[in-house]
Amino acid sequence: MTGPAYPERVELARTPTPLVALERMGAELGVELWAKRDDLTGVELSGNKVRKLEFLLADAIAAGADTVITGGGEQSNHCRATALAATRLGLRSVLLLRCRDPETPPPTRGNILLGRLAGADIVWIDQPTWSRRTEAFEEHAERLRGDGRRPYIIPEGGSNAVGSWGYVRCAEELTTELAALSPARTTVIYACGSGGTGAGLIVGAKLFGWGERGIAVAGVNVCDDRDYFVRAIGAIARDMIDRYELDIALADSDIDIVDGYVGAGYARSRPEELALAVTLARREALIVDPVYTGKALFGLASELARDRSRFGDRVVFLHTGGIYGVFPAAESYSDQL
Ligand SMILES: *Cc1c(COP(=O)(O)O)cnc(C)c1O
């Protein structure tokens with residue numbers, strides 16, 4: 001297999017990540033179940049954002065930046081990973097974190113604690129400011145330029161045409177790993193939050209001929225809805241195709257979004273989601289987070305309960321990380337333990 005011409009990359013993630021069988025949980029769900037352990041991309045740099053940051057920070061360095069600016073929810077895994085990765089490369093970071101009331105920011109725990117340990121400058125912003133985040137990022141960049149700094153803006157989730165190359169690389173790993181297994185109709189399931197993971201996987205699936213190999217990709221959205229992500233993922237993937245002159249074509253029908261599992265809302269858990277996370281932990285010693293992977297797992301199990309063959313014979317659950325989100329949610333698990 002000759003890979004695509006990847007853009008510049010700095011090495012931050014421990015890759016390739018392992019593909020492991022989950023036999024007990026698979027038996028329970030009635031499917032041959034595997035996990036692609038992208039929660040093992042590192043310890044402090046655990047999860048999917050590290051793969052994107054390998055390309056984004058290479059681009060930042062090439063642009064001569066000394067500071068990166070990004071933003072997200074108060075317990076953003078992306079912001080924590082950006083802060084740590086930036087520090088590792090000798091860059092500074094500014095994180096715009098969304099919370100209910102910037103006058104009384106949330107306690108310094110979970111990802112917030114890790115970001116602060118890494119020396120990030122945290123700016124608390126409210127929901128209305130978040131709604132115009134592109135301008136808010138630009139205003140902060142302008143302020144830094146005024147201080148003689150050289151800022152580089154990373155969008156929410158690191159999800160753009162540069163960062164999504166991280167998931168083309170993951171698709172390349174999966175192509176090799178799945179080729180070593182017996183042939184089976186397979187679906188790779190992932191949690192979808194800002195669309196970059198999905199865009200990278202879908203572009204990778206095209207580049208590595210997954211269609212002919214019987215491998216599909218499906219995302220469980222943890223916020224917004226199907227239409228939103230068909231547009232968001234489509235926009236990122238088409239931007240990649242144009243900017244890097246990739247010899248592939250993308251149709252909206254290539255973007256499979258399994259909608260219906262946002263539940264109580266972004267970063268709000270229902271007891272049945274937490275109960276399934278506990279079951280997985282007790283069967284497989286695998287920890288999913290309440291915001292992303294826990295919802296994707298619940299979506300997978302619910303769809304399989306409705307239709308065993310929805311995802312073919314083999315399911316690869318892409319574990320995108322998020323373990324530090326478990327701790328701030330500790331109280332919500334108390335009924336399940
Ligand atoms: C950000 C994140 C996702 C979603 O990935 P996107 O590329 O933003 O769609 C999934 N899982 C975890 C743990 C995340 O932190």
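Which residues does H140 touch, not counting residues up to four places away in sequence?

Mentor: The model is a predicted one. Leaving out residues up to four places away in sequence, H140 touches I69, V94, L96 and V123. H140 itself sits in helix α6, which spans residues 133-146. Its relative accessibility is 15%, and the cut-off for buried is under 20%, so H140 counts as buried. One of its contacts, I69, is 71 residues away from H140 in sequence, yet the C-alpha atoms of H140 and I69 are 7.8 Å apart in space.

I69 also belongs to a nonpolar core. The largest nonpolar core has 97 residues, and L33, L57, Y190, W210, I233 and L300 touch the most other members. Helix α10, residues 226-243, gives this core its largest share, eight residues. I69 is listed elsewhere: a second, separate core of nine residues includes I69, I125, A136 and L144. In soluble globular proteins, nonpolar side chains tend to be buried together.

For a view inside the largest core, take L300. Apart from its neighbours within four places in sequence, L300 is in contact with L29, L33, I189, F311, V315 and F317. Among these, L33 is also one of the residues that touch the most other core members.

Another helix to look at is α4, residues 110-117, where G110, N111, I112, L114 and G115 are buried. The cover over the buried residues of α4 includes α3 (77-88) and β5 (121-125). Just after α4, G119 has a positive phi of about 90 degrees.

Now for the whole. The protein has twelve helices and ten strands. Its radius of gyration is 19 Å, close to the 20 Å that the globule rule gives for 337 residues, so the protein is as compact as a globular protein of that length. Along the principal axes, the C-alpha atoms fill a box of roughly 60 × 50 × 35 Å. Of the 337 residues, 58% are buried.

The surface comes last. The protein exposes about 14,300 Å², of which carbon and sulfur atoms supply 48%. There are 38 positive and 46 negative side chains, and the centres of the two sets lie 3 Å apart.

Conventions: Residues are numbered from 1 along each chain as its sequence is written. This is a predicted model: local features need pLDDT of at least 70, side-chain atom pairs count only at pLDDT 80 or more; totals for chains, interfaces and linings use all residues. Side-chain values use heavy atoms; hydrogens and water are left out. A nonpolar core is a set of buried Ala, Val, Leu, Ile, Met, Phe, Trp, Tyr and Cys residues joined through side-chain atoms within 4.5 Å. Buried means under 20% relative accessible area, exposed over 50%, partly exposed in between (1.4 Å probe, protein chains only). Helices (H or I, at least four residues) and strands (E, at least two) are DSSP runs, numbered from the N terminus. Contact means heavy atoms within 4.5 Å. The radius of gyration is taken over C-alpha atoms; the globule rule is 2.2 Å times the number of residues to the power 0.38. Accessible areas come from the Shrake-Rupley method with a 1.4 Å probe; for residues, only the protein chains shown count as cover. Lys and Arg count as positive and Asp and Glu as negative; His and the chain ends are not counted. The place of a charge is taken as NZ of Lys, CZ of Arg, CG of Asp or CD of Glu.
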